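The reader may wish to keep the sequence and the coordinates in view throughout.

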Amino acid sequence: MAFARTGAVALLGVDGVVVEVQADLEPGLAAFTIVGLPDKAVNESRDRVRAAVVNSGEKWPLKKLTVGLSPASVPKSGSGFDLAIACAVLAAAERLRPETIERLLLVGELGLDGRARPVRGVLPAVLAAVDAGYDRVAVAEATAAEAALVPGVEVLPVRSLRQLIALLCGEPEPEEPPEQLGSTGPDPALAGLSLPGLGVRQFDVGGWKKDLADVAGQFEARRALELAAAGAHHLFLKGPPGAGKTMLAERLPGILPPLGRREALEVTAIHSIAGLLPVGRPLVQQAPYCAPHHSTTMPAIVGGGSGLPRPGVASLAHRGVLFLDEAPEFSVRVLDALRQPLESGEVVVARSAGSLRLPARFLLLLAANPCPCGRWSRRGDACECTPTMVTRYQARLSGPLLDRVDLRVEVDAVSRVQLLQQESSAESTAVVAARVLAARERAAARYAETPWRVNGEVPGHELRTRYPLGPGSLQDAEREMERGFLTARGLDRVVRVAWTAADLAGADRPDRNHVRTALALRGAHIRDAPLAEPRF
């Protein structure tokens, strides 16, 4: 038989599209052609596959060979098609039985020596295969654990093309020499799985060293941090340099609950494509933390690039924290581009090559100095900036952006007494994390029959109609709205924060004090707001 087919996956953003890899052999001058919108990496597989087949002890067919990647209208990129192309060619040459690979999906790169090398994006590729009805996938051995995270699929770990051929033909598996398995030193095949310098930091629950108890003073900011973690509320910290804004931000991931199974798979799929999965740990269980530099461009933040868009930092922070330090120094276009994902939890990027929806449901944490020199205050302490400079600097954070931020806290400079005195009453990360987890469990139980799990995700209309507050609870919020200091969106966000404060306090529903707390932490000047209490 001179024709065979098998399965592979093309990745578009964070989603996979199953591709049928077809191989056709015809009499004629020996040639090897790949059709179906391949990129340069796919076209180069002609040389990799030919060398891998020959170095695996197999005969290369000296005929006119055409490999088609269907559907032809979908762009194909990367080296993950090598295994599928090699098996399709060998089946067309009658070295393999075509029926053994027809319902098998293969993902992996081939070295010139025939060794199977891992590629990024295995998890979303296997998810797409299961959705398409495949129940067997073959991947490089190094990514087998990642593929096995998907239930209902049989994973075939592949060390080399020779081993895969023997496995498909029912022959004894060959003994691979130690040097071919990379056991004599660092494995260069794993280098492509992890790409450094993408601005995402991985924190382990067991290895977390930055404790919230290290923060001196800043009770109001610590309280806002706890509210942000419990309800997934966006937070803005404004204060002079050295007040502890970055210190607080770096401790926010430590009090976030571990990711659930579904959330962990979502985050792992994105990080697998980006090359951020640590070797030996295929599942991301801790909320990611992204802190890009203020010179980062808009495509790098929201996603983009040449050809089809790729996930940006906003997607890499999905289900985690996106920290923008020195927020006014970011481009205004970058900051305003975050307004859509703050509302919808996704980024829609349109390019000439196509449009993609990228998940981006992150917790935004902004930090800023009050002025260019950082010393401005209502008392005017030693600030060298003119009023125009201060106004222009603060205006870089637009009103529509800040209207989407639930909590806005003034972080004052730490006093000498607070800094030098050891505070035994300061709560540790473990204590606060336990309280945050209990609050999230209360919210999840309340929203059990809905698509939401935290207060920060619930639409304002649903909160007002399905989950009403206590009588008279919104008096202060209504007064702020009448004075023009609170928009309709702002009112909804105040109600969300009030629900989170009630969950942390163990109350059935928010009362007037919880609403006043939410207003005060939003920047409203509420007289006698309950901010000095150690508990909610």
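**Helix packing and buried residues**

Helix H5 (residues 122-131) packs against helix H11 (residues 261-274) at an angle of about 120°, and the axes of the two helices are 7 Å apart. Angles of 65 to 115 degrees count as roughly perpendicular and those over 145 as roughly antiparallel; H5 and H11 are therefore oblique to each other. On the H5 side, the residues that meet H11 are Val 122, Leu 123 and Pro 124, while H11 contributes Leu 265, Thr 268, Ala 269, Ser 272 and Ile 273. Sorted by class, this contact comprises 6 nonpolar and 2 polar residues, with no charged residues.

The model is predicted, and its confidence should be kept in mind. The mean pLDDT of the protein chain is 87, and 87% of the residues reach 70 or more. Over residues 179-184, however, the pLDDT is below 50, and the model gives this stretch 9 contacts beyond near neighbours in sequence. Residues 203-208 also stay under 50 in pLDDT, with 11 contacts beyond four places in sequence.

Helix H7 spans residues 161-169, and its buried residues are Leu 161, Gln 163, Leu 164, Ile 165, Ala 166 and Leu 168. What do the buried residues of H7 pack against? Their partners include helices as well as strands: helix H2 (45-55), helix H3 (82-92) and helix H4 (98-101), together with strand E5 (105-107), strand E6 (109-110) and strand E9 (154-158). Just after H7, Gly 170 adopts a positive phi of about 75°.

Is Ser 56 buried or exposed? Its relative accessible area is 8%, and because buried means under 20%, Ser 56 is classed as buried.

Beyond its neighbours within four places in sequence, Ser 315 is in contact with Ile 270, Leu 358, Pro 359 and Ala 360. Of these, Leu 358 is 43 residues away from Ser 315 along the chain, yet the C-alpha atoms of the two residues are separated by 6.5 Å.

How values were computed: Residues are numbered from 1 along each chain as its sequence is written. This is a predicted model: local features need pLDDT of at least 70, side-chain atom pairs count only at pLDDT 80 or more; totals for chains, interfaces and linings use all residues. Side-chain values use heavy atoms; hydrogens and water are left out. Buried means under 20% relative accessible area, exposed over 50%, partly exposed in between (1.4 Å probe, protein chains only). Helices (H or I, at least four residues) and strands (E, at least two) are DSSP runs, numbered from the N terminus. Contact means heavy atoms within 4.5 Å. Axes are lines fitted to C-alpha atoms, for helices over the stretch in contact, and angles run from 0 to 180 degrees between N-to-C directions. Angles under 35 degrees count as roughly parallel, over 145 as roughly antiparallel, 65 to 115 as roughly perpendicular and the rest as oblique. Ala, Val, Leu, Ile, Met, Phe, Trp, Tyr, Cys and Pro count as nonpolar, Asp, Glu, Lys and Arg as charged, and the others, Gly among them, as polar. pLDDT is the predictor's confidence in each residue, from 0 to 100.
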